[in-house]
Amino acid sequence: EHFCGVNEHTITLNGDNPMSVEQASTYIEPGASAIDTRDGDLSSSITITGTVNANVSAAYILSYNVSDLTGNAATTVTRTVNVADTTIPTITLIGSTPITLEKGDTFTDPGASALDNIDLDISGSIVTTGSVTINTVGSYILTYNVADTAGNDAVTVTRTVDVVDTTPP
């Protein structure tokens with residue numbers, strides 16, 4: 001029984017708020033539910049305004065609203081959907097590791113390639129650190145790293161270069 005003609009209805013969001021979505025994936029709307037004290041389940045009548053473009057990194061606001069059978073609107077509920085690239089790039093060595101060289105030989109680093117889910121081929125952005133002293137016997141480590149435009153660092157990859165002296169005097 002209602003007094004003073006007051007009709008109560010509220011919207012409850014399904015899923016997280018805020019919600020995180022990986023860039024370049026598919027956004028699946030989890031929906032919402034609305035129960036009215038007099039009209040019952042109004043979930044199928046909820047209207048959602050706003051859109052989410054899962055291909056573009058940004059914060060999107062969706063608004064949910066519903067009215068009861070007499071036209072009384074519920075308080076609008078909003079959901080923030082944060083689309084972001086959080087996937088790290090992958091570095092692949094070109095050639096083998098370790099590489100064994102004879103002391104005094106010429107060494108040319110075969111390098112590495114890097115792929116990212118959003119930026120694609122980012123091999124040209126790889127930063128290589130370390131060096132090989134070809135005239136000094138020893139084991140040398142070259143380190144390769146790269147980050148995508150979203151700032152996600154790849155897992156660092158290393159190559160060992162062993163300089164040996166097996167030539168008899």
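Leaving aside neighbours within four places in sequence, which residues is Gly-138 in contact with? Val-161, Asp-162 and Val-163. Keep in mind that this is a predicted model.

Let's stay with Gly-138. This glycine sits in strand 13. Its relative accessibility is 24%, so Gly-138 counts as partly exposed. Now look at Val-164. Gly-138 and Val-164 are 26 residues apart in sequence. In space, their C-alpha atoms are 6.8 Å apart.

Next, Asp-68. Find the loop between strand 6, residues 58–65, and strand 7, residues 77–84. Asp-68 is in that loop. Is Asp-68 buried or exposed? Buried, because its relative accessibility is 5% and the cut-off for buried is under 20%. What does its side chain do? For a sense of distance, take Val-163. Asp-68 and Val-163 are 95 residues apart in sequence and 80 Å apart in space, C-alpha to C-alpha.

Last one, Asp-148. This aspartate lies in the loop between strand 13, residues 138–145, and strand 14, residues 157–164. Its side chain reaches the backbone nitrogen of Asn-152 at 2.8 Å. Asp-148 is buried, yet it has no salt bridge. Where is the nearest side chain of opposite charge? That is Arg-159, 22 Å away.

Definitions and conventions. Residues are numbered from 1 along each chain as its sequence is written. This is a predicted model: local features need pLDDT of at least 70, side-chain atom pairs count only at pLDDT 80 or more; totals for chains, interfaces and linings use all residues. Side-chain values use heavy atoms; hydrogens and water are left out. Helices (H or I, at least four residues) and strands (E, at least two) are DSSP runs, numbered from the N terminus. Buried means under 20% relative accessible area, exposed over 50%, partly exposed in between (1.4 Å probe, protein chains only). Lys and Arg count as positive and Asp and Glu as negative; His and the chain ends are not counted. A salt bridge is a side-chain nitrogen of Lys or Arg within 4 Å of a carboxyl oxygen of Asp or Glu. A polar contact is a pair of N or O atoms within 3.5 Å; within protein, one must be able to donate a hydrogen and the other to accept it, and residues adjacent in sequence count only if both atoms are side-chain atoms. Contact means heavy atoms within 4.5 Å.
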